[in-house]
Amino acid sequence: MKRLIWIGFLVLLFSLPAYSQFWIHFEWNAPTCRECRWMEQTLHLSPWAAKEYHKIIHKYGRKIEHEALKDCRYWDHSAQIIYRLRMERDRKLQRILSPRQFELYVYYIRETPQRIHDYIGWYDNPHYPNYHPTRNCYWYEDSYWRGNWTYAKGNWVCHFDAHGWYPGKYSRPTPPPPPHKPAPRPPHHQPVRPEKPVAPRPPVGRPVPPAHEGRPSGRPEKPSKGPSYQQDKDHKKDHPSKGSGRYSGHKNSSDSDRKSGIRGVGRKA
């Protein structure tokens, strides 16, 4: 029995440094914190500012730890919440830090995230060694830790340049090579077989219609138009009609008699 206990203790001792997480050695309920004290002294904070700094770091550190310990099925949602908690924590710290102090704060925490009870790659959980984080986890993590802080209008704002970004870019500085494409194989030479002869199709054509001939009819032919018809046509050419009806064509005597009452019209000399 003692042998089993010693074996288990040795296994835990050797595996703890490799798989230990950031929340194991943090002292949440201690009145003094070694990491917070180091940051307070380095940033030269006043007693009031140091007290507020300690309170903010521990408050949001617990919330981040709670989200990081969730099951891997909720990591996409946790990544977004952790990013918002970090940004909210930094906005509150800007109220008690000067621009120069906040610039040093960003420099020190990116060098060692454990100084603010945080760490990079919270999804590297030893309880899920075979689980690969999604794109959202990498995106939110790189947006905070790799973003560019700029001072504008009295506040520091974090901007992340996503140009050429891919998951795991900063853990693997060189982009992964593209998948190797196999060399094209030469076409397989098969003996050329003669194609099966195709039977010619019979010509399809419509019968040519017979030449146009006069249609036979039992009716007698109409008599040709005589010279009287041509005489009437010449008469119409000489007297073009204007209008239609009774007063069409040329004037007759009745017209002159009817208009005799009009001045200058229809009077005989």
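Student: Is Trp145 buried or exposed?

Tutor: Burial is judged by relative accessible area: under 20% is buried, over 50% exposed, and in between partly exposed, with a 1.4 Å probe and protein chains only. Trp145 has 4% relative accessibility and so counts as buried. Tyr144 is buried as well, at 2%. The model is predicted, so local features need pLDDT of at least 70 and side-chain atom pairs pLDDT 80 or more, while totals for chains, interfaces and linings use all residues. Residues are numbered from 1 along each chain as its sequence is written, and side-chain values use heavy atoms, leaving out hydrogens and water.

Student: How many aromatic pairs does the structure hold?

Tutor: Rings of Phe, Tyr and Trp (its six-membered ring) pair if their centres lie within 6.5 Å; planes under 30 degrees apart are stacked, over 60 edge-to-face, and the rest tilted. The structure holds 14 such pairs. One of them joins Tyr144 and Trp145, with 4.9 Å from centre to centre and 85° between the planes, which makes the pair edge-to-face. Tyr151 and Trp156 form a tilted pair, at 5.2 Å and 55°. In that pair Tyr151 is partly exposed, with 44% relative accessible area, whereas Trp156 is buried, at 15%.

Student: Which residues do ring pairs link into a cluster?

Tutor: The cluster consists of Trp75, Trp122, Tyr123, Tyr131 and Tyr138.

Student: What is a nonpolar core, and which residues touch the most other members of the largest one?

Tutor: In soluble globular proteins, nonpolar side chains tend to be buried together. A nonpolar core is a set of buried Ala, Val, Leu, Ile, Met, Phe, Trp, Tyr and Cys residues joined through side-chain atoms within 4.5 Å. The largest one here has 37 residues, and those touching the most other members are Tyr53, Leu93, Leu97, Tyr105, Trp122 and Trp149.

Student: Which helix supplies the largest share of this core?

Tutor: Helices (H or I, at least four residues) and strands (E, at least two) are DSSP runs numbered from the N terminus. Helix 3 gives the largest share, eight residues. Among the other elements that supply at least two residues are helix 4 (75-93) and strand 2 (155-159).

Student: What does Trp149 touch?

Tutor: Contact means heavy atoms within 4.5 Å. Leaving aside residues up to four places away in sequence, the contacts of Trp149 include Met87, Phe102, Tyr144 and Trp156.
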